[in-house]
Each structure stands twice: as C-alpha cells, then as structure tokens.
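Please find my notes on this entry below, as numbered points.

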Amino acid sequence: GVPPATDLVLGATAGCLACFLTNPLEVVKTRLQLQGELQAPGTYPRPYRGVLRAVGAVCRADGLWGLQKGLAAGLLYQGLMNGFRFYCYSHAEDAGWTRYPGGTVAAGAVAGAVGAFVGSPAYLVKTHLQAQTVSAMAVGYQHKHENIASAFRTIYRQHGVVGLWRGVTGAIPRVTVGSAVQLATFASAKDWVCERQWFRKGSWAAVLAGGMVSSVAVAVAMTPFDTISTRLYNQPVDADGTGKLYRGFLDCILQISNKEGLLGLYKGIGAVYLRLGPHTVLSLFFWDKLRDL
C-alpha cells in the first residue's frame, strides 16, 4: 500500500539508521580484508587479529571515533543503495512479479544490482576513508583523503565521472548475490526459529534470531564478493584510471586465490557475519515501522 517513491525515501532512511549502528564493524571488515593483500599467509604482519582484537586495534590507532570512520560516505551509500533497492523491489511487487516462483529472489537480485550501481561512488569513498590510519597500522593502499568532500573532488579531478564508478564491477555481483540470498532466506529463517519455539512468533527476538540465522547463508555467499569489491575499490590506479594491482573482477579472484589461497577470499567473514545479522534486522525493522507510520 506504499507507493514506490515513498519506499525510496523510507528505504533510504532505514538503511541510514542501520548504518549508524553497524558502521564500526564495516571499518573492521575493511581492514581485515585489506590485511596481507596479495601476500602468502604467514608472511606479513597482522595488526588486526579477529574481530574483537581488531576493534581494539582501531581504537588504539585512531581513537574511539575511529570506529566511525567513513560514516558520512557510508550513510550516503546506504541511503542511495537501499533507497533505490527498495524502490525497485516495490515496483516489482506492484507489477506482481514477486508472486511468480522465484520472483522474490529475481526481484531482490535486480533491485540490488540497481542499488549497487547508483551507490557505487559513495562506497568507493567509504572504502578509501575506512582504510586510512596511522602508518604503523596501515593495511592496503592509503589514499590520504582529508574528508568525504575532498575525496570526491580528488577522484573527479584526476579521473572524471568514470573514475567515481571504478570498482563497480565488484559491487554489482556483491549486492546482487547478497540481496537475493537475504530475501530468499530471511523469512524462512525467522519461521524456522519460531517453529522450534525458541522465540514467540512476531517478537523482536524472533526477527533478530531469524536475521542471524539467515546471515550465515548470506555471509558464506557474499564474503568473497565483498572482499573482491573492497580490493577493487581501494587499489591504487594509474593516471588513466587503470588499476595497478587488479585488471578487473576475474583477475582479482585469480590473484587472491593464487597468492593468498582460497581462504583469502573469506578474509573478514567474522565481521561480515556479525554486521549482516543486525544490519538486516535493523534495516528491515526500520523500513517496516516507517511504512506503518
């Protein structure tokens, strides 16, 4: 009963509210995924060891507020990505596509791809800002932006509009897979925990538990794409905008697999999982409540 244009605003608002609470885990995830880039396991220093130790390492290096690095860019990304994702999904519902077998998954995948493309420049800047830290704790390439505004200006001045969408080839598969798996498993996981009478049906605890169970599948399916996306966004580039480390999506997969092993694609999976459950629940909860209002 909510028009797609309204869903755009409500989806953006819900994504931003969830982002504010889960951004610290996004910072930790980014650092873990860039740690030991293209180096064999055991051959590099590890300033970030696991989620909890990484949280402490970020605080020691950047202060408590360091856990909210890239927050403005993250809010912009979540607003754009989720706004357009829910907008497209709402259109699919109105058109009746979600009533067909597999329609929910297909609609979620397409909506996620559109949202990823629109929000890609914000995700690019977010990754750059979250990776930045003092030299002793630095992992990955350090772009040294002063803030979100200077980051957009620098990228645009050096590489034009096209440069703002660098790395989008990794972002679209990431959000497409994540959105499809999330929408396909969240409702069934929520029903599953209620059937076992762990929580009362319709309760906040049941929704949270369903989100955490669903997030197992989402984290396993999405983490390799998430790692690839982080690497493509953060890599240094030549004057013409060509990546110095990876030529593209497939080259990134091959290089990580060959030099870091297949487990290199799953770096940061703990932070991905711990972020996905609460973020899924919070964004869907805020979206649902805002729609009721």
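1. The lining of the second largest cavity is made up of 3 nonpolar, 5 polar and 4 charged residues. The model is a predicted one, and the volumes that follow are computed from it. For the second largest cavity the volume is about 80 Å³. Among the residues that line this cavity are Cys19, Glu26, Lys126, Arg174, Arg275 and His279. Two or more lining residues come from each of H1, H3, helix H4 (103–131) and H9. The largest contribution is that of H1, with 4 residues.

2. How many cavities of 30 Å³ or more are there? The count is 3. The largest cavity holds about 210 Å³ of space. Its lining consists of 17 residues, and those nearest the centre are Met81, Arg85, Gln182, Met222 and Leu276. H3, helix H6 (168–195), H7 and helix H9 (269–292) each give two or more residues to this lining. By class, the lining of the largest cavity has 6 nonpolar, 8 polar and 3 charged residues.

3. Arginine 85 deserves a separate point. This residue belongs to helix H3 (residues 71–95) and is one of those nearest the centre of the largest cavity. Is arginine 85 buried or exposed? Arginine 85 counts as buried because its relative accessible area is 9%, below the 20% limit. Outside its sequence neighbours up to four places away, arginine 85 touches Ala111, Gly112, Gly115, Ser179 and Gln182. Gln182 is also listed among the residues nearest the centre of the largest cavity.

4. Glycine 210 is part of helix H7 (residues 204–234). Its relative accessibility is 0%, so glycine 210 is buried. Setting aside neighbours within four places in sequence, the contacts of glycine 210 are Phe186, Ala189, Lys190 and Val193.

5. Which residues have the most contacts inside the largest nonpolar core? They are Val28, Leu32, Tyr48, Val51, Val58, Met137 and Ala271, in a core of 16 residues. Helix H1 (4–34) and helix H2 (50–62) are the elements that supply two or more residues to this core. A second, separate core has 15 residues, including Tyr77, Met81, Ala116 and Leu129.

6. Valine 58 can be taken as an example from the largest core. Apart from residues up to four places away in sequence, valine 58 touches Val27, Arg31, Tyr48, Gly63, Gly66 and Leu67. Of these, Tyr48 is another of the residues with the most contacts inside the core.

7. The whole structure has 0 disulfides. Cysteine 59 is partly exposed, at 24% relative accessible area. Cysteine 194, by contrast, counts as buried because its relative accessibility is 15%.

Notes. Residues are numbered from 1 along each chain as its sequence is written. This is a predicted model: local features need pLDDT of at least 70, side-chain atom pairs count only at pLDDT 80 or more; totals for chains, interfaces and linings use all residues. Side-chain values use heavy atoms; hydrogens and water are left out. A nonpolar core is a set of buried Ala, Val, Leu, Ile, Met, Phe, Trp, Tyr and Cys residues joined through side-chain atoms within 4.5 Å. Buried means under 20% relative accessible area, exposed over 50%, partly exposed in between (1.4 Å probe, protein chains only). Contact means heavy atoms within 4.5 Å. A disulfide is a pair of cysteine sulfur atoms within 2.5 Å. On a 1 Å grid over the protein atoms alone, a cavity is a set of points where a 1.4 Å probe fits but cannot get out, and a pocket is an open set with protein on both sides within 12 Å along at least five of seven lines; lining residues have an atom within 4 Å of a point. Grid points are joined across faces, edges and corners, and a volume is the space filled by probe spheres set on the points. Ala, Val, Leu, Ile, Met, Phe, Trp, Tyr, Cys and Pro count as nonpolar, Asp, Glu, Lys and Arg as charged, and the others, Gly among them, as polar.
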